[in-house]
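We will go from stop to stop, picking residues and looking at what surrounds them.

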Amino acid sequence: SCRWAEVVAAVDVNTLANEVYKHNFPGTPLWAKTIEGITLQEFDRLSFDMILMSPPCQPFTRTGLQGDVSDPRTKSLLHVLHLLPRLQKLPTYVLLENVKGFESSSARAELLRTLGACGFEHQEFLLSPTCLGIPNSRLRYFLLARRHQDPFPFRAPGQVSVPGSTGVCLVPQRQATSSSSSEEKSLDSDAGPECSSKSSLPKGAFLFKLETIEEMARKEAQDTDSSIQMLEDFLEEEDEEKSQYLLPAKSLLRYAFLLDIVKPSCRRSTCFTKGYGHYVEGTGSVLQTAVDVQLESVFKGIEELPEEEKLEKLSLLKLRYFTPREIANLHGFPLEFGRCSSAGMPGCALYWGLKAMLFALHFASDLILVVCL
């Protein structure tokens with residue numbers, strides 16, 4: 001049965017995040033302060049039943065410095081873990097989301113130690129929206145914990161659950177700390193080698209658009225996976241207003257070979273980052289709206305063309321960014337979820353993908369405290 005719940009506090013210092021949150025949930029108490037600035041007395045007064053956390057991911061991301069607990073941005077999580085055993089009333093549930101990489105961190109080890117000391121059962125997962133039939137790759141770590149309950153039916157101590165072709169694959173932590181399993185790689189289409197400059201690439205190893213045979217085969221396999229919906233199910237109707245999302249000529253000429261280009265009929269898209277709409281390379285897929293134009297016919301021999309002709313050929317694809325609404329759709333936000341006028345795009349870094357949580361579509365803050373009714 002479904003239980004009603006009330007959000008008693010949402011906490012974030014990001015101005016844009018708070019504007020979006022207030023716009024959609026005007027009746028929810030919103031604390032625009034650092035989490036480490038919340039006292040034990042303030043937590044106790046709320047007497048909450050559930051904590052939902054999405055701590056800053058930068059200390060754990062695979063492409064960053066991986067500062068882990070030494071990174072100042074981990075202070076908020078460590079502060080919550082410090083206060084948790086000292087609460088007058090322990091919550092019943094804890095839910096946490098973070099990037100792939102958190103599962104092998106010292107912060108995770110401290111999280112599990114604290115949860116165990118407080119009497120919580122827990123299970124961890126590595127999940128992507130593709131597991132739910134959504135055509136977007138965004139592999140993320142999730143932890144579910146509950147206190148004074150029967151063990152989870154899928155409980156596997158010391159292991160991270162990864163959905164596989166035959167159900168749930170349980171990856172031991174010693175394996176997760178060293179290399180990704182085949183199941184993880186299948187969920188994470190962004191895990192391949194990054195092409196940051198054409199000059200460093202081996203000659204002859206690539207087809208058109210700097211893609212290897214293996215990469216092309218992977219994309220074709222994704223696009224024929226009927227368990228995942230097509231992108232067209234998440235797109236807005238094409239109209240003149242969409243012209244504002246077309247890639248500018250400068251971006252086409254500079255980044256054309258590095259773009260992940262998808263059509264409405266595709267069943268895949270790469271992870272959208274906070275730089276989407278402001279930066280081009282590695283921030284998310286772009287949409288080819290001229291669906292009858294073949295990519296190969298545009299890119300074959302294009303490097304030998306003068307700049308004007310090159311731009312003319314690339315323009316045939318009518319490449320545009322995904323709109324904020326479309327990215328919200330791909331992240332599971334309901335249609336009634338909107339953005340305030342100041343949260344536009346391009347230029348605002350598309351807030352939509354920044355805090356999305358697969359298991360808590362309601363929330364857009366670093367910390368959510370909930371009372372079950």
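On this tour, two residues are in contact when they have heavy atoms within 4.5 Å of each other. Keep in mind that the model is a predicted one.

**The whole chain**

Begin with everything shown. The chain has 373 residues, and buried ones make up 51% of them. Its secondary structure comes to eleven helices and twelve strands. Among contacts between residues at least 6 apart in sequence, 73% join residues at least 24 apart.

**Stop 1: Glu 124**

Select residues 120-127, which form strand 5, and pick out Glu 124 within it. Is Glu 124 buried or exposed? Its relative accessibility is 1%, and because the cut-off for buried is under 20%, Glu 124 counts as buried.

Now show side chains around Glu 124. Its side chain makes a polar contact of 2.5 Å with the side chain of Arg 108. Another polar contact, at 2.7 Å, links the side chains of Glu 124 and Tyr 141. Beyond neighbours within four places in sequence, the residues in contact with Glu 124 also include Leu 112, Phe 142, Leu 143, Gln 159, Val 160 and Ser 161.

**Stop 2: helices 3 and 4**

Next, select residues 75-83 for helix 3 and residues 106-117 for helix 4. Two packed helices are described by the angle between their axes and the distance between the axes. Here the axes come within 10 Å and cross at roughly 15 degrees. Angles under 35 degrees count as roughly parallel, so helix 3 is roughly parallel to helix 4. The crossing is left-handed.

Which residues meet between the two helices? From helix 3, show Leu 77, Leu 78 and Leu 81; from helix 4, show Ala 107, Glu 110, Leu 111 and Thr 114.

**Stop 3: Cys 57**

Move to the loop between strand 3 (50-53) and helix 3, where you will find Cys 57. An unreviewed UniProt entry lists Cys 57 under "active site". With a relative accessible area of 32%, Cys 57 is partly exposed. Setting aside neighbours within four places in sequence, Cys 57 is in contact with Asn 98 and Val 99.

**Stop 4: helix 1**

Finish with residues 15-24, helix 1, where Leu 16, Ala 17, Asn 18, Val 20, Tyr 21 and Asn 24 are buried. Zoom in on the start of this helix: a side-chain oxygen of Asn 14 comes to within 2.8 Å of the backbone nitrogen of Ala 17.

Conventions:
Residues are numbered from 1 along each chain as its sequence is written. This is a predicted model: local features need pLDDT of at least 70, side-chain atom pairs count only at pLDDT 80 or more; totals for chains, interfaces and linings use all residues. Side-chain values use heavy atoms; hydrogens and water are left out. UniProt positions are given in the numbering used here, feature names are shortened, and annotations may be inferred rather than shown by experiment. Helices (H or I, at least four residues) and strands (E, at least two) are DSSP runs, numbered from the N terminus. Buried means under 20% relative accessible area, exposed over 50%, partly exposed in between (1.4 Å probe, protein chains only). A polar contact is a pair of N or O atoms within 3.5 Å; within protein, one must be able to donate a hydrogen and the other to accept it, and residues adjacent in sequence count only if both atoms are side-chain atoms. Axes are lines fitted to C-alpha atoms, for helices over the stretch in contact, and angles run from 0 to 180 degrees between N-to-C directions. Angles under 35 degrees count as roughly parallel, over 145 as roughly antiparallel, 65 to 115 as roughly perpendicular and the rest as oblique. A crossing is left-handed if the near helix is turned anticlockwise from the far one by less than a right angle, and right-handed if clockwise.
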